[in-house]
Amino acid sequence: AEGEFRQVLKDMKDNVDAMVGLGYVLFQKKNYTEAKDKLTEALQLVPDNYDGLTSLGWCYYKTNDFAKAVDAFKRALAINGYLVDPYLGLGLSYYKNNDKKNAKETLGIAVDIYPDYVMTDEFKQILEKEADWLDLYGRLGWSYYYMGLYDKASNMFATELKKNPNSQNAQ
């Protein structure tokens with residue numbers, strides 16, 4: 001795909017879709033510097049490109065520039081607040097910035113939208129580390145329940161009760 005995007009850009013240097021596509025491919029290859037450059041170039045032409053902003057947010061996240069990641073993810077959410085990816089990125093970026101209140105709130109929204117997407121190793125590690133975040137297990141349980149995924153819901157409720165036997169959320 002990288003070669004195809006580069007060829008399109010050779011023929012049409014202002015093709016925003018090709019810039020964003022190339023930025024995403026470069027991100028997947030962990031070439032974050034060039035990915036940021038291509039995505040920034042695309043966003044100069046179309047500032048409200050949701051995919052470009054989300055990918056740029058992840059580039060900033062992967063390069064530990066969490067303040068810029070927060071900004072990019074917030075801009076993506078202003079365009080489309082119904083997709084999980086920028087909520088996950090924003091929540092994790094808040095967490096890395098030690099803004100745990102906003103991190104928990106934002107990750108909770110991500111859980112509500114698409115719980116399986118949020119259940120990354122990094123998210124699981126945060127849940128294990130943050131004792132006052134146990135209620136997110138119950139929130140995961142309810143998300144799974146409302147999706148009709150009763151086994152997963154039951155597992156999340158059981159996990160919350162195991163870690164917090166007095167939980168009202170999971171009883």
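Exposed means over 50% relative accessible area, buried means under 20%, and partly exposed lies in between, with a 1.4 Å probe and protein chains only. Helices are DSSP runs of H or I with at least four residues, strands are runs of E with at least two, and both are numbered from the N terminus.

Before moving on, note what is on screen. This is a predicted model, in which local features need pLDDT of at least 70 and side-chain atom pairs count only at pLDDT 80 or more, while totals for chains, interfaces and linings use all residues. Residues are numbered from 1 along each chain as its sequence is written, and side-chain values use heavy atoms, without hydrogens and water.

**Stop 1**

Select residues 121-129, the whole of α9. Now colour Phe123, Ile126 and Leu127, which are buried. They sit on the same side of α9 because they cover an arc of only 100° around the axis. That arc is taken from the directions that run from the helix axis to the C-beta atoms. An α-helix has 3.6 residues a turn, so residues three or four places apart point the same way.

What do the buried residues of α9 pack against? Show α6 (84-96), α7 (100-113), α8 (115-118) and α10 (135-146): these are the partners. Contact here means heavy atoms within 4.5 Å.

**Stop 2: from α7 to α10**

Show Glu130 and Lys100. Their side chains form a salt bridge, 3.1 Å from N to O. Glu130 is in the loop between α9 and α10, Lys100 is in helix α7, and the two are 30 residues apart. A salt bridge needs a side-chain nitrogen of Lys or Arg within 4 Å of a carboxyl oxygen of Asp or Glu. Is Glu130 buried or exposed? Glu130 is buried, at 7% relative accessible area. Lys100 is partly exposed, at 32%.

Next, select Asp135 and Lys104. The closest N and O atoms of this salt bridge are 2.8 Å apart. Asp135 belongs to helix α10 and Lys104 to helix α7, so the pair ties together parts 31 residues apart in sequence. Both are partly exposed: Asp135 at 34%, Lys104 at 22%.

**Stop 3**

Go to Glu2 and Lys29. Their side chains meet in a salt bridge at 2.4 Å, N to O. Glu2 lies in helix α1 (residues 2-11), and Lys29 in the loop between α2 (16-28) and α3 (32-45), 27 residues apart. Lys29 counts as exposed, at 53% relative accessibility. Together with Glu2 and Lys29, they form a network of salt bridges. The whole structure has eleven salt bridges.

**Stop 3: zoom out**

How many helices and strands does it have? There are eleven helices and zero strands. The C-alpha trace spans about 60 × 35 × 25 Å along its principal axes. Of the 171 residues, 46% are buried. Take contacts between residues at least 6 apart in sequence: 47% join residues at least 24 apart.

Switch to a charge view. The chain has 21 positive and 25 negative side chains, and the centres of the two sets lie 4 Å apart. Lys and Arg count as positive, Asp and Glu as negative; His and the chain ends are not counted. Each charge is placed at NZ of Lys, CZ of Arg, CG of Asp or CD of Glu.
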